[in-house]
Amino acid sequence: MTKAEVLKREILKQYRSVRQFSLDMGIPYSTLVTALERGIDGMAYGTVIKMCDKLNLNPVDFQPLDENAPLGNKLIENRVMLSYTKLNQEGRDKVLDLMEDFAQIDKYKNKGKKK
């Protein structure tokens with residue numbers, strides 16, 4: 001199944017129509033239909049990312065993401081982990097210590113759901 005086919009399937013699964021999705025996304029209907037028919041390779045990368053975020057799909061492999069984690073959070077987590085893996089053990093220990101310290105300070109605590 002192509003990426004365009006996956007997107008179309010998810011759009012129709014989550015929305016009443018492709019037109020409704022295009023309105024919700026602010027993408028011209030004709031642009032979206034053309035992309036879904038001819039392939040999304042010509043679409044702007046940012047638009048594809050926004051569509052994947054809205055449909056809760058991973059923009060790399062177009063697989064569904066965990067419903068409780070928006071795409072932005074996943075991308076940030078990946079970026080943090082990539083930076084963390086570049087550190088030596090001393091750097092990793094320091095980062096973990098700082099995170100633990102920050103977790104104790106009210107102004108840095110996540111007031112939403114805990115993971």
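1. Before we start, residues are numbered from 1 along each chain as its sequence is written, and side-chain values use heavy atoms, without hydrogens or water. As the model is predicted, local features need pLDDT of at least 70 and side-chain atom pairs count only at pLDDT 80 or more, while totals for chains, interfaces and linings use all residues.

2. The whole structure has 4 salt bridges (a side-chain nitrogen of Lys or Arg within 4 Å of a carboxyl oxygen of Asp or Glu). Have a look at Glu 10, placed in helix α1, residues 3-14 (helices are DSSP runs of H or I, at least four residues, numbered from the N terminus). Glu 10 pairs with Arg 9, with closest N and O atoms 3.8 Å apart, and with Lys 13, at 3.7 Å. Shared partners join Arg 9, Glu 10 and Lys 13 into one network.

3. Is Glu 10 buried or exposed? Glu 10 counts as buried because its relative accessibility is 6% (buried means under 20% relative accessible area, exposed over 50%, partly exposed in between, with a 1.4 Å probe and protein chains only). Leaving aside neighbours within four places in sequence, Glu 10 is in contact with Leu 55 and Leu 57 (heavy atoms within 4.5 Å).

4. Now turn to another pair: Asp 24 and Lys 54 meet in a salt bridge of 3.3 Å, N to O. This pair links distant parts of the chain, helix α2 (residues 18-25) and helix α4 (residues 45-55), with the two residues 30 apart.
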